[in-house]
Amino acid sequence: MNYLILVLASVAAYSLSVVSNLITTKLGAIRDPLQAWEILNNVDVLPIRLRARIFSTLVGIANPYSRSINFRITELRKGKTCGVLRETKEVSNPFQRVHAGALVTFGETIGTLALFTLLGKKDRAILTNINAEYVKVSRGLLTASSIVSPIKDRDITNMTTHVLIKNASFETVVKVTLSWKVDLSEKQ
């Protein structure tokens, strides 16, 4: 019986790596995160939780530092991203709270994905400033969300996006503000 479980686990791990390699090969460095999300959601043989794990792994390939926190993207739409981060030993500080660096990384990842879903193929956005306001002690399961309004003025050069990170009681624990230098070269 144990041998069968080992074989099934090996097949699942191999399948996961094949799917991940296929998607990263097809999409490069995930220039369009919404396209990768939709491709994964159209693969009906994968359980929904596994799709979120694969997508988060792909985000980690595109942004290696985000791999240091074990987060999951739960929703991705044009201009909106939501994700979860569970408090673990790896993201905790010595006081058994989620480390400030992990919170900023989580907020930056969520805010970046929300903005990048609105950018065209030739548009560019460079993060110039991050500001995190720590409102409350962060423990347990955390949920982050960012909503970015559609870009109407294609001549802008600076943008600001916001990310709210909340605890399991839906209390805001961190407000992250991201400032961007943008180059919107492609007309949409």
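## Terms and ground rules

A residue counts as buried with under 20% relative accessible area, as exposed with over 50%, and as partly exposed in between (1.4 Å probe, protein chains only).

The model is predicted, so to speak "as is": local features need pLDDT of at least 70 and side-chain atom pairs count only at pLDDT 80 or more, while totals for chains, interfaces and linings use all residues. Residues are numbered from 1 along each chain as its sequence is written, and side-chain values use heavy atoms, with hydrogens and water left out.

## The chain at a glance

The chain holds 4 helices and 6 strands; these are DSSP runs numbered from the N terminus, with helices being H or I of at least four residues and strands being E of at least two.

Of the 188 residues, 39% count as buried. The accessible surface comes to about 11,200 Å², with 57% of it belonging to carbon and sulfur atoms (areas are from the Shrake-Rupley method with a 1.4 Å probe, and for residues only the protein chains shown count as cover). As for contacts, meaning heavy atoms within 4.5 Å, residues 24 or more positions apart account for 63% of those with a separation of 6 or more.

## The sheet

The 6 strands make an open sheet, ordered β1-β2-β4-β5-β6-β3, with antiparallel pairing; two strands pair if DSSP finds at least two bridges between them. β1 (71–77) and β3 (124–134) sit at the edges with a single partner strand each, so one side of each has no neighbour in the sheet. From one strand to the next, the twist averages 20 degrees (axes are lines fitted to C-alpha atoms, for helices over the stretch in contact, and angles run from 0 to 180 degrees between N-to-C directions).

Take β2 (residues 80–86) as a way in. On one side, 6 bridges join β2 to β1, running antiparallel, and Ile 73 has Gly 83 in β2 as its bridge partner. The hairpin of β1 and β2 has 2 residues between the strands, and there Gly 79 takes a positive phi near 85 degrees. β2 is also joined to β4 (residues 141–147), by 7 antiparallel bridges, with Leu 85 standing opposite Leu 142 in β4.

## The nonpolar core

A nonpolar core here is a set of buried Ala, Val, Leu, Ile, Met, Phe, Trp, Tyr and Cys residues joined through side-chain atoms within 4.5 Å. The largest one has 41 residues, and Phe 55, Ile 73, Phe 106, Ile 165 and Trp 180 touch the most other members. α2, α3 (48–62), β1, α4, β4, β5 and β6 each give two or more residues to this core, and the largest share, 8 residues, comes from α4.

Which residues does Phe 55 contact, leaving aside its neighbours within four places in sequence? They are Pro 33, Ala 36, Trp 37, Leu 40, Ile 73, Leu 76 and Leu 113.

Helix α2 (residues 33–41) has Pro 33, Leu 34, Ala 36, Trp 37 and Leu 40 as its buried residues. Seen down the helix axis they fall within an arc of 160 degrees, so they line one face of α2; the arc is that of the directions from the axis to the C-beta atoms. Trp 37 has a relative accessible area of 12%. Not counting residues up to four places away in sequence, Trp 37 touches Phe 55, Ile 73, Thr 74, Glu 75 and Leu 76. Its C-alpha atom is separated by 9.9 Å from that of Leu 58, 21 residues apart along the chain.

Over in helix α4 you find Thr 105, which is buried too, with a relative accessible area of 6%. Setting aside residues up to four places away in sequence, Thr 105 touches Tyr 65, Ser 66 and Ile 69.

## Positive phi in two loops

Gln 96 is not a glycine, yet has a positive phi of about 60 degrees. You'll find Gln 96 in the loop between β2 and α4 (100–116), where it is partly exposed at 48% relative accessible area.

Phe 170, also a residue other than glycine, has a positive phi near 60 degrees. This residue lies in the loop between β5 (158–166) and β6 (172–183).
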